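Dear colleague,

I am handing over the structure below, and after it I set out what was found, in case it is of use for your own work. Please read it with the model open beside you.

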Amino acid sequence: KIMKLPGWRSRCDEKPQPLLDALNLKHLVSPIAKKIASSSWCTITTEQQLLGRLQQCKEEGDTCGYLPGLYEYIAPGPNRLDLKKSLEQGLVMVLD
């Protein structure tokens, strides 16, 4: 479905809308989430930082593994070139 949104295809000249706007989902964002300042987000740029934050999620969240969101294990490794690229590009973020 995302490929049909204007600006979200890899070879598209149109300016993409914010994803929640493009999918008409903004009304589903909770009032608490709307109050979080954008300055609360911190960019994770190294595997060491990521592993530290994941360990924190595990300990403070009392979880059995590293599953902070999106239903995908987000742990670095030699076969995770996608994650390495995302880290290098500043696309991995966490709430402070």
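Helices and strands here are DSSP runs, helices of at least four residues and strands of at least two, numbered from the N terminus. On that basis the chain of this predicted model has four helices and two strands, and reading along the sequence gives the pattern α-α-β-α-α-β.

Of the 96 residues in the chain, 15% are buried, and the accessible surface comes to about 8100 Å², with 56% of that area belonging to carbon and sulfur atoms. Among the contacts with a separation of 6 or more, 37% are between residues 24 or more positions apart.

The largest nonpolar core consists of seven residues, namely Ile44, Leu50, Leu54, Leu83, Leu87, Val92 and Val94. Two or more residues of this core come from each of α3 (47–61), α4 (81–88) and β2 (92–95).

As for open space, the second largest pocket has a volume of about 290 Å³, and its lining is made up of Ala33, Ile36, Ala37, Ser38, Trp41, Met93 and Leu95. Sorted by class, that lining has six nonpolar residues, one polar residue and no charged residues.

One backbone detail may deserve a look in your viewer. Most residues other than glycine have a negative phi, whereas Asn24, which is not a glycine, has a positive phi of about 55°. Asn24 lies in the loop between α1 (19–22) and α2 (31–34), and because its relative accessibility is 59%, Asn24 counts as exposed, the cut-off for exposed being over 50%.

With kind regards

Notes
Residues numbered from 1 in each chain as written. Predicted model: local features only at pLDDT ≥ 70, side-chain atom pairs only at ≥ 80, totals over all residues. Heavy atoms only, no water. 1 Å grid on protein atoms, 1.4 Å probe; cavity = no way out; pocket = protein on both sides within 12 Å on 5 of 7 lines; lining within 4 Å. Points joined across faces, edges and corners; volume = space filled by probe spheres on them. Nonpolar A, V, L, I, M, F, W, Y, C, P; charged D, E, K, R; others polar. Core = buried A, V, L, I, M, F, W, Y, C linked by side-chain atoms within 4.5 Å. Buried < 20%, exposed > 50% of the residue type's maximum accessible area, 1.4 Å probe, protein only. Contact = heavy atoms within 4.5 Å. Areas by Shrake-Rupley, 256 points an atom, 1.4 Å probe, with all protein chains shown as cover.
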